[in-house]
Number of protein chains: 2
Amino acid sequence: MKLYFSPLSCSLAARIALYEAGAEAEFVHVDRATKAMDDGGDYRTIHPLGVVPTLRLEDGELLTELAAILQYLAERFPEAGLAPVDLRGRTELRKWLSFVGTELHKGTFFPLFDRSASEAVKAYALSKVEPRLSWLADQLEGRDYLLGQFSVADAYLITTLHWCLATPVRLETWPTLKAYLKRGLARPHVARAIAEEKPLYMEDLARLGEHVPGTAGQPARISSSP
Amino acid sequence: MKLYFSPLSCSLAARIALYEAGAEAEFVHVDRATKAMDDGGDYRTIHPLGVVPTLRLEDGELLTELAAILQYLAERFPEAGLAPVDLRGRTELRKWLSFVGTELHKGTFFPLFDRSASEAVKAYALSKVEPRLSWLADQLEGRDYLLGQFSVADAYLITTLHWCLATPVRLETWPTLKAYLKRGLARPHVARAIAEEKPLYMEDLARLGEHVPGTAGQPARISSSP
């Protein structure tokens, strides 16, 4: 398999799932701004909308949309236990993939990282944060992970909450979420995935002359969609 | 089962899926602005974020998030053939549920119907329409439905494209999408669902003193999230 990714974007969740599943994969770096791939090709020949991730299967088939890729990996590698197998459990997993994908990723974080979004748009996106994260914190109370034990939905949520670093969203407001993220980041496969992508992320940012989180004393502006 | 819905919002897709599956259900109307239910109760006691749909199962369990509810119905009523059963087919279904939920519903249409969104926010949302619908039209070329035959992903896409009526998005730009929507609206279960919800939608709007699409000569402002 081959994963087309942009560093620390939502495609990080697919890399985490691959590592947690113990699956073999190559990784193709897509520059978030130019859409240039490692080999100099244009990623839009793979996905015309330019959005990551895409997962290329051994037979050449291309899978897109993170929620679909995550469930594919969980079901292809069932021994990793990354998704429940009963109908209620599967439904609960899909609830979380949908909530993170729509209410958090697209409804909140996407505009915060979009260079075409004005300050008014970013303020609107930020206005959606509080009720959604407060509800999420209530749901996570007393649980280590969204479904009790780690699943691909956590790969997505950890990736998403990790973006708070580069936004005005202060996770300190929700100690449950802060503890959840800390727990997630401590997982060896998550830590490895981030350690590998962070230098690439900084290279992408440097090419754009942008601030880097944790070094510039102010939130980073990421150049394109998370 | 009991479906909590707001007329012509995304919960319409769950009603369509119930009808297509031949499933028995009651329907509880949630006023999109006040969140009051038919019986006078506050819907936020069912879902604190106030978003529809919620599906209450026979044992009282509450399912939320449309993509999860649609897959639940497809898998609970397999004889209706509303979802593929093989891994590749399931992955394709989930791709479409995710694309419609994130890129179209939350990323484009949600802000157009949100009373808290300024004109700048709506203009930003509209700027995302063209590439996404053009890509979608390319994908649908030569196909009756997203997966060839009707699935729950079509219930969601038909519901979403139907909102164009109340927005500045002119579906005439994409004849493939216009023909797709016409085909979908002609399905008896879809037509029934819309015919039942339309009067309720107009009542909700009338309570708000808003324009109604097709009668006021200009796009309707829907009061809350689609």
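Q: What makes Tyr4(A) a residue that stands opposite another one, and which residue is that?
A: Tyr4(A) stands opposite Val28(A) in β2(A). This is a predicted model, where local features need pLDDT of at least 70 and side-chain atom pairs count only at pLDDT 80 or more, while totals for chains, interfaces and linings use all residues. Residues are numbered from 1 along each chain as its sequence is written, chains are lettered from A, and side-chain values use heavy atoms, without hydrogens and water.

Q: Why are β1 and β2 of chain A said to pair?
A: Two strands pair if DSSP finds at least two bridges between them. Strand β1 (residues 2–5) of chain A and β2(A) have four bridges, in the parallel sense, so they pair.

Q: What makes β2 and β4 of chain A edge strands?
A: The open sheet has the order β2-β1-β3-β4 (chain A), and β2 (26–29) and β4 (62–64) each pair on one side only.

Q: Why is Glu58(A) called exposed?
A: Its relative accessible area is 54%. Exposed means over 50%, buried under 20% and partly exposed in between (1.4 Å probe, protein chains only), so Glu58(A) counts as exposed.

Q: How do you know that Glu58(A) and Arg76(A) form a polar contact?
A: Their side chains are joined at 2.8 Å. A polar contact is a pair of N or O atoms within 3.5 Å; within protein, one must be able to donate a hydrogen and the other to accept it, and residues adjacent in sequence count only if both atoms are side-chain atoms. The 2.8 Å value is therefore within the limit.

Definitions and conventions. Helix = DSSP H or I, 4+ residues; strand = E, 2+ residues; numbered from the N terminus.
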